[in-house]
Amino acid sequence: MKLSAKTSRISRYEEIIYQLFKEKAGEELSVYDVLSAINIDKQIIALRTVYRMIEQLQLKRKIYCSSLKDGTRYFMLTNYYYIEMTCRICGWKRKTISEVHCTYTGKPLMNFYVVGGQIDCSGLCQKCS
Ligand SMILES: [Zn+2]
């Protein structure tokens, strides 16, 4: 089965919400974060519309559900990953969110559309390198 990107037209509200995710690239947003950020700019959108637009943006692979905390789903832009870096010498650790464009050539991921996730990196910190 070949997975093709569904890049159908984006509605006006979807565009407003997608722009917000782009402005806040590298951040996770809940439905309520989106609702309050949009309504601050006096563009009054109902909660159920925000839910619907977030579902649509997920179907179009613009954003994905990146985590679930205390029963609240958080979303971020496709291709943004949680990255945990660990120094092999001193054990220094840092967690961040960053945009990553991976090229998968191996068989396990050939028929799998990756939207994001977590990457664990092992290496040397500034002090140890
Ligand atoms: Zn180190």
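Start with the interface: domain 1 and domain 2 bury about 800 Å² between them, and carbon and sulfur atoms give 66% of that area. This is a predicted model, so please keep that in mind throughout.

For orientation, domain 1 covers 5–77 and domain 2 covers 80–123. Their C-alpha centres are 23 Å apart. In terms of residues, ten from domain 1 are in contact with eight from domain 2.

What about polar interactions across the boundary? Between domain 1 and domain 2 there are four residue pairs in polar contact, counting pairs with both residues at pLDDT 80 or more. The number of salt bridges between the two domains is zero.

Now the side of domain 1 that touches domain 2. Two strands, S1 (63–69) and S2 (72–77), each supply at least two of its residues. Which element gives the largest share? That is S1, with three residues. Sorted by class, this side of domain 1 has five nonpolar, three polar and two charged residues.

On to the annotation. The UniProt record, an unreviewed entry, lists Cys87, Cys90, Cys125 and Cys128 under "binding site". These four are spread over 42 residues of sequence, yet they cluster in space, and the largest C-alpha distance among them is 8.1 Å. One of them, Cys87, lies in strand S3, residues 80–87.

To recap: the interface has four residue pairs in polar contact and zero salt bridges, and the cysteines listed by UniProt cluster in space in the model. That is what I have for today.

Conventions:
Residues are numbered from 1 along each chain as its sequence is written. This is a predicted model: local features need pLDDT of at least 70, side-chain atom pairs count only at pLDDT 80 or more; totals for chains, interfaces and linings use all residues. Side-chain values use heavy atoms; hydrogens and water are left out. Domain bounds come from an automatic or database domain assignment. Contact means heavy atoms within 4.5 Å. Buried area is the accessible area (1.4 Å probe) that two parts lose on being put together, summed over both. A salt bridge is a side-chain nitrogen of Lys or Arg within 4 Å of a carboxyl oxygen of Asp or Glu. A polar contact is a pair of N or O atoms within 3.5 Å; within protein, one must be able to donate a hydrogen and the other to accept it, and residues adjacent in sequence count only if both atoms are side-chain atoms. Helices (H or I, at least four residues) and strands (E, at least two) are DSSP runs, numbered from the N terminus. Ala, Val, Leu, Ile, Met, Phe, Trp, Tyr, Cys and Pro count as nonpolar, Asp, Glu, Lys and Arg as charged, and the others, Gly among them, as polar. UniProt positions are given in the numbering used here, feature names are shortened, and annotations may be inferred rather than shown by experiment.
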